Amino acid sequence: MKKLILLIITVILPLALYSQQKGFKLNDQEYFENGGVNVMAFQDIYPEGHQGGVVVIMHGMRIATNGDLRLDETPGQWQPIPKQKKRIADKADNVITAYLTYPDSAINGKGYNPVFYPDLYFNYTVTTRALGASIVVTVDLDRPIPEEFAEKVGFNMELFPGELFGKTWILGNKSGIFPRQANGPGMYDKNGKLVSAQPMAAGKQLTVAPEDQMMRLTISSSGSDLQLIDGRYMHNNGWFVVRSLVTPGVTKKAIEWTITPNSISNWTSDPVIHVSQIGYRSLQQKYALIELDKNDSKRSDPELVRISPDGESEVVKSAKPDQWGRFLRYDYLKFDFTSVEKEGLYKIRYGNFESQPFRIAEDVYKRNVWQPTLEYFLPVQMCHMRVNEKYRVWHGLCHMDDALMAPTDRNHFDGYLQGPSTLTKFKSGEHVPGLNIGGWHDAGDYDLRVESQSGEVYILAQIYEAFGIRYDETSVDQNTHIVEIHQPDGKPDILQQIEHGALSVVGGYRNMGRLYRGIISPTLRQYVMLGDGANQTDGLVGKPEQPDDRWVFTEENPSRELTTAAHLAAASRVLKGFNDTLSIQCLEVAESIYNLDRTISGRSISSKIHAAMELYLTTGKTVYRDYVVNNELYIIKEIRSLAWLIGPYLTQLGNEGFTRSIREAVKPLSSEIIKQGAETPFGVPYRPYIWGAGWNIQSFGVRQYFLHKAFPDIFPADYIFNALNFILGVHPGVNTASFASGVGVKSTTIAYGVNRADWSYIPGGVSSGTALIRPDFPELLDWPYLWQQQEYVMGGGATNFMFLVLAADQLLEK
């Protein structure tokens with residue numbers, strides 16, 4: 001009897017208590033938590049980007065996402081998504097209820113990215129509730145699904161392929177391996193239309209990665225069979241999809257799944273050491289951030305270790321770190337090693353974990369940092385050119401048939417909207433000459449948005465004026481339309497790139513009498529093309545039958561037009577003496593836009609002030625100076641957006657009263673920036689919406705440079721370096737890669753560029769960076785098809801990084 005009592009006390013009772021404690025609970029962030037496993041429900045907002053619905057994060061990996069009703073077997077972008085109306089989290093009952101509807105009337109055939117829905121209307125709720133170590137997902141409909149849609153409406157959940165390649169699955173009485181590439185055969189609907197790959201298997205219960213306790217996930221359905229389908233068969237950017245159809249004729253429990261992720265007891269994430277992927281100059285402020293699981297109570301003293309030629313390590317500094325505190329789901333420690341100035345190779349050690357090696361050296365920013373953007377990225381993105389690199393052809397001569405005037409009253413699938421008039425002498429469908437020159441393909445797409453083109457010109461002009469870069473590693477021949485990477489031609493590469501962008505914008509204006517809004521593929525099939533841009537059109541002008549030429553869109557947008565005028569005014573300055581004809585044309589276009597007789601308001605006034613400032617710097621005409629000075633009260637009101645554009649040139653404006661007013665107005669802005677920097681351990685505001693915040697943080701850093709140069713006693717230089725370090729690896733999450741491809745020990749080398757289908761990258765491109773899976777999971781996946789994390793863009797996405805590197809080096813010289 002005593003042995004039985006002892007057994008109960010020592011074994012059975014602890015197990016019973018543990019079983020009572022184990023299980024999912026709704027936490028203060030309103031998602032379910034069970035050890036190292038989290039289940040979110042309808043907190044995220046971007047299902048077309050694999051970010052929405054029911055989400056499963058297992059031990060630091062987002063394994064499953066987008067659990068929701070969909071109208072396609074494996075939906076891609078531009079396919080119907082529901083409208084979420086309301087979400088209620090009930091901590092007392094451990095339940096989350098989301099209320100949704102089809103269609104979303106805000107995007108049904110209209111809006112920035114229009115979606116075309118079938119004639120199907122219904123409301124539904126998705127209830128997600130904890131049941132011990134499982135999550136039960138129930139879908140209730142307000143009406144039965146019509147018979148003609150019975151095979152289309154189902155509950156889908158997407159599984160991330162990047163974590164599953166080579167892992168196994170068991171579904172019903174079948175098993176298999178998650179394949180690295182999509183394989184057939186295809187599946188057709190009753191009308192003979194190809195709709196997806198055939199399911200790999202079907203059954204009532206699926207187990208994902210049964211061999212891996214970190215990823216083992218079981219899903220069971222009480223209704224229709226689960227199907228496992230490879231979504232990449234229909235869409236290169238697809239994921240694996242688990243799907244079960246809504247039970248015909250049923251409204252209550254039309255879907256009921258039980259999701260059971262394996263949770264490892266007492267699991268905590270490993271410490272992550274964040275330090276610049278390239279290193280630091282000797283006199284620069286230097287610190288590392290150590291990112292810890294919120295449940296990790298252990299603390300160690302970080303060490304700075306010098307690496308010797310024979311591989312031995314010497315601890316040169318060890319100290320108790322500062323406790324920064326909680327940000328998102330992690331705790332952060334800060335280890336300052338600014339006092340170490342000796343040049344050499346180093347790494348940070350924290351307990352049993354080490355950072356990548358990095359340098360402390362005076363030439364750390366001199367080579368292989370900003371140069372790849374100018375040597376590779378900008379040349380590779382050049383449109384209307386053939387781009388060679390020794391044995392390699394990055395892309396052939398492309399889009400020489402640009403462009404046809406876009407149809408009127410057309411809402412393009414990528415956000416372009418042509419109104420009732422073309423606003424030019426050209427009719428819809430007519431060829432517009434002079435557009436097949438200059439410009440850069442915008443990021444992972446091949447379109448030319450005017451703000452991306454002129455914005456790129458502007459940041460390059462700012463770089464040239466601020467830092468005097470005359471680097472020459474590329475040959476650009478506008479007559480033969482040939483670019484040769486690593487073939488110097490005696491001309492500064494940066495001026496050739498400014499020229500290339502200006503040729504596109506000026507060419508559009510001179511031929512149409514106004515700016516283009518954008519030049520883009522007319523069909524979705526062309527738009528989603530992956531590969532050599534030369535294959536997007538046939539390059540022939542004047543084909544009467546089924547032309548594949550890109551469309552050119554126009555618009556009335558005073559703010560965008562005046563901002564472009566500012567950009568062209570700056571281009572005119574730097575092109576003078578390099579291409580005098582184009583310099584004159586840039587100025588003519590800028591002044592023509594500025595002098596248009598029209599009423600402006602709101603943001604357009606800011607844009608006109610910007611244009612006036614740049615035109616004054618270029619021409620010295622007092623009319624432009626007077627417009628800036630006479631808008632003193634407006635500038636003070638909009639000081640957040642205008643201070644960096646006006647402040648550096650107060651001396652040139654020559655008005656002491658105006659200067660005093662602006663100096664006073666920027667002081668609260670400085671306090672605001674300091675407050676923003678204190679929001680995060682990284683010293684910069686991290687506020688991602690959909691895309692990772694990297695581009696915004698770069699832009700923030702560039703503005704801080706101009707503010708610091710204008711008001712060094714008010715705006716410190718710290719935020720310039722913080723922004724640069726954020727891009728170079730000091731950012732949240734387990735992936736510490738530099739966002740700048742090919743820059744640093746570890747960088748983004750699987751990116752969303754024009755060569756993403758090859759799982760590759762373009763050196764010097766800068767990805768959008770770490771995104772936020774709401775509410776608190778920072779994520780940067782090594783995956784080529786997540787534009788919100790790994791996309792390159794023009795208009796400053798890469799060249800703002802280039803600017804920050806040069807700015808940091810310049811400031812440290814002093």
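At what angle do the axes of helix 4 and helix 5 cross, and within what distance do they come? In this predicted model, the axes of helix 4 and helix 5 (residues 493-512) cross at roughly 150 degrees and come within 9 Å.

**View 1. Helix 4 and its crossing with helix 5.** Because angles over 145 degrees count as roughly antiparallel, helix 4 and helix 5 are described as roughly antiparallel to each other, and helix 4 passes helix 5 in a left-handed crossing. On the helix 4 side the contact is made by V450, Q453, S454, V457, L460, A461, I463 and Y464, which meet I494, L495, Q497, I498, G501, A502 and V505 of helix 5. Sorted by class, this contact of helix 4 with helix 5 comprises 11 nonpolar residues, four polar residues and no charged ones.

**View 2. Helix 4, residues 450-467, in its surroundings.** The 18 residues of helix 4 reach 26 Å from the first C-alpha to the last, close to the 26 Å expected at 1.5 Å a residue. Of these 18 residues, 15 are buried, so helix 4 is largely enclosed by the rest of the structure. Helix 4 is followed by G468, a residue whose phi is positive, near 60 degrees.

**View 3. Helix 14, residues 656-677, and the helices against which its buried residues pack.** Helix 14 has 22 residues and reaches 31 Å from its first C-alpha to its last, close to the 32 Å expected at 1.5 Å a residue. Its buried residues are F658, I662, A665, V666, L669, S670, I673, Q676 and G677. The partners of these buried residues are helix 10 (622-630), helix 11 (632-637), helix 12 (639-646), helix 13 (650-653), helix 15 (694-710) and helix 16 (718-727).

**View 4. K167 in the loop between helix 2 (161-164) and strand 11 (168-171).** With a relative accessibility of 21%, K167 counts as partly exposed. Leaving aside neighbours within four places in sequence, K167 is in contact with G176, I177, F178, A209, E211, D212 and M215. The C-alpha atoms of K167 and S607, which are 440 residues apart along the chain, are separated by 54 Å.

**View 5. V115 in the loop between strand 7 (95-102) and strand 8 (122-131).** V115 is buried, having a relative accessible area of 5%. When neighbours within four places in sequence are left aside, V115 is in contact with W78, Q79, P80, I107, N108 and G109. The C-alpha atoms of V115 and Q77, 38 residues apart along the chain, are separated by 8.9 Å.

Technical notes: Residues are numbered from 1 along each chain as its sequence is written. This is a predicted model: local features need pLDDT of at least 70, side-chain atom pairs count only at pLDDT 80 or more; totals for chains, interfaces and linings use all residues. Side-chain values use heavy atoms; hydrogens and water are left out. Helices (H or I, at least four residues) and strands (E, at least two) are DSSP runs, numbered from the N terminus. The expected span of a helix is 1.5 Å times one less than its number of residues. Buried means under 20% relative accessible area, exposed over 50%, partly exposed in between (1.4 Å probe, protein chains only). Axes are lines fitted to C-alpha atoms, for helices over the stretch in contact, and angles run from 0 to 180 degrees between N-to-C directions. Angles under 35 degrees count as roughly parallel, over 145 as roughly antiparallel, 65 to 115 as roughly perpendicular and the rest as oblique. A crossing is left-handed if the near helix is turned anticlockwise from the far one by less than a right angle, and right-handed if clockwise. Contact means heavy atoms within 4.5 Å. Ala, Val, Leu, Ile, Met, Phe, Trp, Tyr, Cys and Pro count as nonpolar, Asp, Glu, Lys and Arg as charged, and the others, Gly among them, as polar.
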